[in-house]
Amino acid sequence: MNKVPIQIMDLTTIKAVVFELSKDIVPSRFENAQQVDSHTLQLGFRTLEKLTWIEISWVAESPRIVQIPPPKRHGDKSTLAKQLKHLLVNLALVKIEQTGFERIVKFKFSSRPGKEIEKEVVVELMGRHSNILLLDRTRKVITLGKQIKETHSRLRPISTGDIYTTPPALKGLVPKLSESFQIWKENICLVPSTFKNCLKDTYQGISPALTLQIASNNYNEAINIIHQSVTSIELKTWEAIYKRWKKWLVDIENNNFTINFNGPTDFVVWGEVKSTIDNTSIGLSLGIYYSNKIIDRKINSIREKLKYNLQKSKDDEIRKLEVQRLLIKNFSEYITLQSKANNILALKSPTKKQIIEAQNLFKEAKRKKRSRKSILNRVEFHKKKISEIEYCELFLDSLMYEDDEAKKNKLDSLIELKEEVEEYICIKKNSSKIKSNRKKEQDSTIKEIQSPSGLKIQIGSNNRQNELISLRKGKKGDLWFHAQETPGSHVVLKSSNGLFDDKDIELAADLASFFSRARGNKLTPIIMVPIENLNRISGSLPGTVSHRGGKVLWGKAERAAKYFHQK
């Protein structure tokens, strides 16, 4: 399974965010806390001007402290969030502290600025050892993100009620501006290895991303340098690296931070390059970055599992279908038995024994004929299941094809499709609560575009959305489009809302072609039907319909693709 790479929030990024937050939310009044999942908290702080939200996560793959836009309400039942709300209520955030090259951030709270510190939220951003802890004035742990038992770490087990102890001291030298080029180079080259290993093993605060950033502004050049042995790097290159090293230390010392998304790594928060995000804070830019990356990772994970489950189910249905087809061949002998019985009875004077034999042959032929009918029913059942699976495969392909679609909408549609597959294909019944929550959000994830005349065109991204736009939300006067005799999305032109012309019809037909299995064809027959002429087929997947009448048009997927590129 392919993983979406996420740049870890390293020491430099932590310093940039802490410096920015210290200016923006110190002092401020703690206002709210909510937990969106088992390893992510969102905290709200009220200043005189505004309410600012930050997100703290201690998940191993992307531990972080970032600013976020005002979030939706989450995690009303979260014990950790409730404890924070109860224990930090009416307290002021008076200081955010990060010292040296440690990836530990301390949020300090008191009744008001200048008073004794009463509570402290400690955030440790250290990969799989990341955690969040709430301490009282004696530094006793009141609550924490995850308990660390002795079986997990003999070095530093920690749980509720323990006195907080800091993580083991960092290994390596402390980077210093006063260090000369010669001493710096000798330190790195003391135990020859690749540049990335030597730099990481020699100095504190070095991350894989920072190693690339210090090596060069150019990604390919940086990759080449960090994998070279320190004994083979030319003096000219060493001098250029040292210059960037000094620039990094100067920026850290002077809090000269910016954010750039065009460097050798996903983002860089130091250096001379100006911010590529105008009027957006570093913390908020990083919040958007991590949000998008995490959604991408979820999309990727769900997609791979869905592809696997659908293919597995399809292979299983094809195997069962082949078994039934073989049985049909074996049972075709009922005609032979029937003919043999007829031949016996056609004799001039059949004996009693022959008559009994003929009767038995007729019975056996009848039994085999009934079995054949049952097998044909099973053949049709397996064909139907394969067709339903192919519909789901089409929806999955269409969702992945649309790179420009809002990530959150894509994720919502993908989750809906996953639930459909579990409910109708893989038979994993979801709880009624989960279903009801998803149904509330369905309207917002429907894909809508505007026709040339300004009318809405709705496109289903899964079976439930097909049913929603065609049967539940469709109004008399709307027009329904679907690729003929092939799996595809329902497309509805909301012509009940106004006058339409031939351009609207053409675009809707092209979209029905584009969002179908016939996407690769130059021309696709598209059926256009007044929406009031649709009927749901009971016992089938949601959105499975029959129709009365209709007109066949020709859709061009290529035209629809050009339309999306022009948007």
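The following questions and answers cover a sheet and a helix pair in a predicted model. Residues are numbered from 1 along each chain as its sequence is written, and local features need pLDDT of at least 70. Side-chain atom pairs count only at pLDDT 80 or more, totals for chains, interfaces and linings use all residues, and side-chain values use heavy atoms, leaving out hydrogens and water.

Student: Which are the edge strands of the open sheet?

Tutor: The sheet has 6 strands in the order β10-β11-β13-β12-β14-β17, with antiparallel pairing. Strands are DSSP runs (E, at least two residues; helices are H or I, at least four), numbered from the N terminus, and two strands pair if DSSP finds at least two bridges between them. Each edge strand pairs on one side only; they are β10 (447-450) and β17 (551-555).

Student: Which residue of β13 stands opposite Leu479?

Tutor: Strand β12 (residues 479-483) runs antiparallel to β13 (residues 491-493), and 3 bridges join them. Opposite Leu479 stands Leu493.

Student: How do the directions of α5 and α6 relate: roughly parallel or roughly perpendicular?

Tutor: Axes are lines fitted to C-alpha atoms, for helices over the stretch in contact (heavy atoms within 4.5 Å), and angles run from 0 to 180 degrees between N-to-C directions. Helix α5 (residues 208-215) and helix α6 (residues 219-226) pack at about 105°, their axes 8 Å apart. Angles under 35 degrees count as roughly parallel, over 145 as roughly antiparallel, 65 to 115 as roughly perpendicular and the rest as oblique. The two helices are therefore roughly perpendicular.
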